Amino acid sequence: MNGILKKGASIHRHTKQRQKRRRTLIEERERQLRQNPAAGVPADDDFDLDEIDDDDESLEGQQQLTHADLFATPICMRAASLQPKFNSIYNAKKTAEEAQATKKKKKRVNPNKTLTSTLWTIASPTFVPAGFCQLITVVAQVSIPLFVWRLLRILEENPAQSVFVAAIPYVISIFIMDILNAYGTHRQKYLALRSGVTLRVSLLSAIYERVLQLTPEGRAGLTT
């Protein structure tokens with residue numbers, strides 16, 4: 001992945017440098033024209049435009065990034081998988097709430113409540129574990145200073161004695177807490193980002209599906 005990013009950055013930097021050189025040459029041409037209007041427009045041969053053309057050819061010869069170079073999205077996060085799942089859950093919850101509203105003799109069902117409940121059902125498999133990972137991170141970050149403080153107290157109370165037996169449990173605890181902190185931090189970030197992507201894809205898929213099904217009369221008055 002780093003190789004792909006470096007390749008894209010190299011192509012982008014090369015393009016920016018080429019544009020800057022071309023802009024400098026054009027400004028130089030305009031400056032000469034203002035200083036000597038009688039000379040007319042300088043010929044292209046007076047400028048090193050061949051170098052820029054050579055840069056264009058070298059850039060075209062480089063291997064460009066393609067769709068195959070991108071990160072392969074898991075099937076469970078693709079719109080083709082999330083859209084039917086979203087529609088199924090939303091319709092089921094809407095039917096259940098309408099039946100419950102009929103029993104309670106309510107006039108209408110709150111659509112925002114149905115949407116929120118549906119999004120929670122879709123995101124909870126990854127969002128809830130992310131919360132537990134964050135809890136592990138917080139516990140580890142709070143425990144490490146306490147273990148370090150206790151270790152220093154042992155060293156201060158026994159300046160001339162061996163403290164291996166008394167201190168080794170705290171050293172091992174600090175090591176374990178560091179591992180848990182690293183694991184919880186990265187896992188929480190991954191699961192949280194995955195939850196966000198899942199919610200975004202689900203909402204966008206539902207919105208586009210709804211918009212595409214609107215009639216011309218239904219789209220009247222709507223803005224982009």
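This is a predicted model: local features need pLDDT of at least 70, side-chain atom pairs count only at pLDDT 80 or more; totals for chains, interfaces and linings use all residues.
Local features need pLDDT of at least 70 and side-chain atom pairs count only at pLDDT 80 or more, while totals for chains, interfaces and linings use all residues. Residues are numbered from 1 along each chain as its sequence is written, and side-chain values use heavy atoms, with hydrogens and water left out.

**View 1. The largest pocket and its lining.** This pocket has a volume of about 300 Å³ (a pocket is an open set of points on a 1 Å grid over the protein atoms alone, where a 1.4 Å probe fits, with protein on both sides within 12 Å along at least five of seven lines; lining residues have an atom within 4 Å of a point). Among the lining residues are F86, Y90, K94, L203, I207 and R210. Two elements, α3 (79-103) and α5 (164-212), each give two or more residues (helices are DSSP runs of H or I, at least four residues). The lining splits into six nonpolar, three polar and three charged residues.

**View 2. Helix α4 and its bend at S124.** Look for a bend of about 65° at S124, with the proline P125 following within four residues (the bend is the angle between axes fitted to the seven residues ending there and the seven starting there).

**View 3. I122, a buried residue of α4.** Its relative accessible area is 5% (buried means under 20%, with a 1.4 Å probe and protein chains only). I122 touches L82, F86, I89, T198 and S202, leaving aside residues up to four places away in sequence (contact means heavy atoms within 4.5 Å). The C-alpha atoms of I122 and L199 sit 7.5 Å apart, though 77 residues separate the two along the chain.

Methods:
Grid points are joined across faces, edges and corners, and a volume is the space filled by probe spheres set on the points. Ala, Val, Leu, Ile, Met, Phe, Trp, Tyr, Cys and Pro count as nonpolar, Asp, Glu, Lys and Arg as charged, and the others, Gly among them, as polar. Buried means under 20% relative accessible area, exposed over 50%, partly exposed in between (1.4 Å probe, protein chains only).
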